[in-house]
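Reader: Please pick one part of this model and go through it closely, residue by residue where that helps. Give the cut-off for each term as you use it.

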Amino acid sequence: MHRIILYQGQVVIEGNLVRDPEKVFVGENGSIMARFSIAENRYFKNAQAEPVEEVMFITIQAWGSLAKSCLQYL
């Protein structure tokens, strides 16, 4: 089961962590970014009404204090 929640300008996607977050420094001032991937299962029925399970791999980029939290806790 998957859950996607929409807030004002925000999306919450639950999934399984595929790889550990990678710390990336961006720009001359060294802004911090965390990059990682999650896997999310999608269930639906095809044109023949057969159940299908599909795995979506989603690449995530987090910036600033959110990036620091992701690097520390994920």
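Author: Strand S3, residues 16-17, runs antiparallel to S5 and is joined to it by two bridges. Strands are DSSP runs of E with at least two residues, helices are runs of H or I with at least four residues, and both are numbered from the N terminus. Two strands pair if DSSP finds at least two bridges between them. The model is predicted, so local features need pLDDT of at least 70 and side-chain atom pairs count only at pLDDT 80 or more, while totals for chains, interfaces and linings use all residues. Residues are numbered from 1 along each chain as its sequence is written, and side-chain values use heavy atoms, with hydrogens and water left out.

S5 covers residues 31-45. Leu-17 has Ile-38 as its bridge partner in S5. Strand S4, residues 22-26, is also antiparallel to S5, with five bridges joining them. Here Phe-25 is opposite Ile-32, and Lys-23 is opposite Ala-34. Four residues separate the strands of the S4 and S5 hairpin, where Gly-27 has a positive phi near 80°.

With S6, S5 pairs in the antiparallel sense over 13 bridges; Tyr-43 has Glu-53 in S6 as its bridge partner. These two strands form a hairpin with five residues between them. Ala-49 lies in the loop between S5 and S6 and, although not a glycine, has a positive phi near 65°. Its relative accessible area is 53%, so Ala-49 is exposed (over 50%; buried is under 20% and partly exposed lies in between, with a 1.4 Å probe and protein chains only).

Ser-37, within S5, counts as buried because its relative accessibility is 10%. Its side chain makes a polar contact of 3.4 Å with that of Arg-19, the term meaning a pair of N or O atoms within 3.5 Å; within protein, one must be able to donate a hydrogen and the other to accept it, and residues adjacent in sequence count only if both atoms are side-chain atoms. Beyond its neighbours within four places in sequence, Ser-37 is in contact (heavy atoms within 4.5 Å) with residues including Asn-16, Val-18, Ile-58 and Thr-59.
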